[in-house]
Amino acid sequence: MLYATIMAGGAGTRFWPASRRDRPKQLLSLAGPRSMLQATVDRLAGLCAAEQIMILTNERLVEATRAQLPQLRPDAILGEPCKRDTAPCIGLAAGLIVRSDPGATMLVMPADHVIHQADQFQQAVRQAEQLLQEDPSRIITFGIPPRYPAQVFGYIQRGAAIADSTVEASSFHVKQFCEKPDLETARQFLQSGDYYWNAGIFLWRAQTILDSLQQFEPAMHGHLKHIADSAGTSAFAETLRSEFAAIEGKSIDYAVMEKYHNVCMMPAPFDWDDVGNWTAIPRISGVDDHNNSVSGKHLGINTSDCIVHSTGDHLVVTLGMNDCIVVHTPDATLIADKTDESAIRQVVAKLEQLGWNEYL
């Protein structure tokens with residue numbers, strides 16, 4: 001049976017001031033009327049039942065997440081007591097899933113990606129399931145054909161095609177995973193045609209990932225096993241808190257993917273965007289005749305190439321502005337040079353330094 005695990009613990013600091021600690025990026029409606037988390041769950045309709053969906057998030061965000069997803073059972077939304085990266089998160093979910101279904105297939109995805117073509121996404125997952133049925137030891141990842149020489153994504157280099165598969169979609173053995181490159185390397189990756197963006201969407205047997213963690217990260221696996229063994233008992237909450245905190249954080253790429261012997265990649269047939277910062281909004285929401293991307297009430301005069309985001313009935317007026325980001329929220333307003341958008345993280349760091357936690 002297919003189970004879906006959605007990782008929803010990110011902070012989304014690059015979307016400040018819309019994104020805050022108690023309402024991070026995945027809980028915002030940045031790419032449509034539904035929040036990014038809600039859209040991720042919507043994408044699973046017909047692929048797996050609501051009872052087979054699990055959300056892993058920060059414990060501070062559990063209630064806000066439940067409020068957005070009332071169709072899920074309350075215990076399907078699990079709060080991590082501290083940040084420990086993706087390997088412990090995925091291992092925790094796998095351990096809990098295996099308790100109820102030892103032969104479970106596990107689909108893992110982040111909560112903050114935009115995929116408009118849900119039908120093509122589901123078709124790709126079903127084809128990956130077929131690939132897994134042919135060889136249950138496989139770990140399958142989806143590679144995004146790169147559209148430009150991106151420096152903000154990790155890359156997957158494909159190896160030989162999987163020739164003995166009956167699955168219609170093309171699939172490849174993974175040759176290597178690559179770190180985020182510099183610009184020249186990214187250009188080389190794009191030109192070669194052998195490299196794909198690493199979207200962090202995976203399919204595998206839940207037991208396979210547990211066995212891999214036991215092999216490559218035995219200490220981590222031990223802590224996760226203690227947590228899973230306590231599930232359904234009165235000791236679960238305290239065991240989760242103490243054992244999870246004792247884990248050394250590590251990404252699933254470092255912990256398993258780069259070491260495992262049978263990793264396969266399917267090129268994604270669906271559109272994809274990780275919406276990493278404000279400059280991604282024009283790509284997913286479109287622009288007006290002056291190349292402005294606007295959400296909310298806005299009057300622009302001699303304004304072009306701007307991103308404007310407002311809340312409620314608050315009117316934002318821009319006069320003679322170009323290449324700017326303007327974000328209005330009830331208690332904070334950001335005005336930034338679009339070409340220096342990455343500096344927003346510096347704003348968050350400065351607010352922390354000043355102790356202005358009410359704006360975080």
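**Loops, strands and cores in a predicted model**

Asp305 is found in the loop between strand S11 (297-301) and strand S12 (307-309). Helices (H or I, at least four residues) and strands (E, at least two) are DSSP runs, numbered from the N terminus. The model is predicted: local features need pLDDT of at least 70, side-chain atom pairs count only at pLDDT 80 or more, and totals for chains, interfaces and linings use all residues. Residues are numbered from 1 along each chain as its sequence is written, and side-chain values use heavy atoms, with hydrogens and water left out.

Phi of Asp305 is near 55 degrees, a positive value in a residue other than glycine. At 25% relative accessibility, Asp305 counts as partly exposed. Buried means under 20% relative accessible area, exposed means over 50%, and partly exposed lies in between (1.4 Å probe, protein chains only). Val275 also has a positive phi, near 45 degrees, in a residue other than glycine. Val275 sits in the loop between S9 and H10. Its relative accessibility is 0%, so Val275 counts as buried. A cis peptide bond joins Trp16 and Pro17, with omega at about 5 degrees. Pro17 lies in the loop between strand S1 (2-7) and helix H1 (36-42). Most residues other than glycine have a negative phi, and most peptide bonds are trans.

Strand S5 (residues 139-144) has six of its six residues buried, so the strand is largely enclosed by the rest of the structure. Ile139, Thr141 and Gly143 point one way from S5, while Ile140, Phe142 and Ile144 point the other way. Two strands pair if DSSP finds at least two bridges between them. S5 pairs with strand S9 (residues 263-267) in the parallel sense, over five bridges. There, Gly143 has Pro267 of S9 as its bridge partner. S5 also pairs with strand S8 (residues 195-205), in the antiparallel sense and over four bridges. The partner of Ile144 in S8 is Trp197.

Rings of Phe, Tyr and Trp (its six-membered ring) pair if their centres lie within 6.5 Å; planes under 30 degrees apart count as stacked, over 60 as edge-to-face and the rest as tilted. The structure holds 11 aromatic pairs. In one of these, Trp197 and Trp272 are tilted, at 6.2 Å centre to centre and 50 degrees between the planes. Trp197 lies in strand S8 and Trp272 in the loop between S9 and helix H10 (281-285), so the pair ties together parts that are 75 residues apart in sequence. Both Trp197 and Trp272 are buried. The rings of Phe202 and Trp204 have centres 5.2 Å apart and planes at 10 degrees, so this pair is stacked. Phe202 and Trp204 are buried too. Tyr148, Phe153, Trp197 and Trp272 form one aromatic cluster.

A nonpolar core is a set of buried Ala, Val, Leu, Ile, Met, Phe, Trp, Tyr and Cys residues joined through side-chain atoms within 4.5 Å. The largest such core has 48 residues, of which Leu44, Ile55 and Leu107 touch the most other members. Helix H4 (residues 118-134) gives the most to this core, with six residues. Contact means heavy atoms within 4.5 Å. Beyond its neighbours within four places in sequence, Leu44 is in contact with Ala4, Ile6, Ile53, Leu107, Met109, Phe121 and Gln122. Apart from this core lies another, of 46 residues, among them Ala87, Val108, Phe244 and Ile247.

Ala87 belongs to the buried part of helix H3. H3 (residues 86-100) has 15 residues and reaches 22 Å from its first C-alpha to its last, close to the 21 Å expected at 1.5 Å a residue. The expected span is 1.5 Å times one less than the number of residues. H3 is mostly covered, with 12 of its 15 residues buried.

Strand S15 (residues 333-337) shows alternating side chains. Five bridges join strand S14 (residues 324-328) to S15, and the two run antiparallel. Val326 has Ile335 of S15 as its bridge partner. S14 and S15 form a hairpin with four residues between them.
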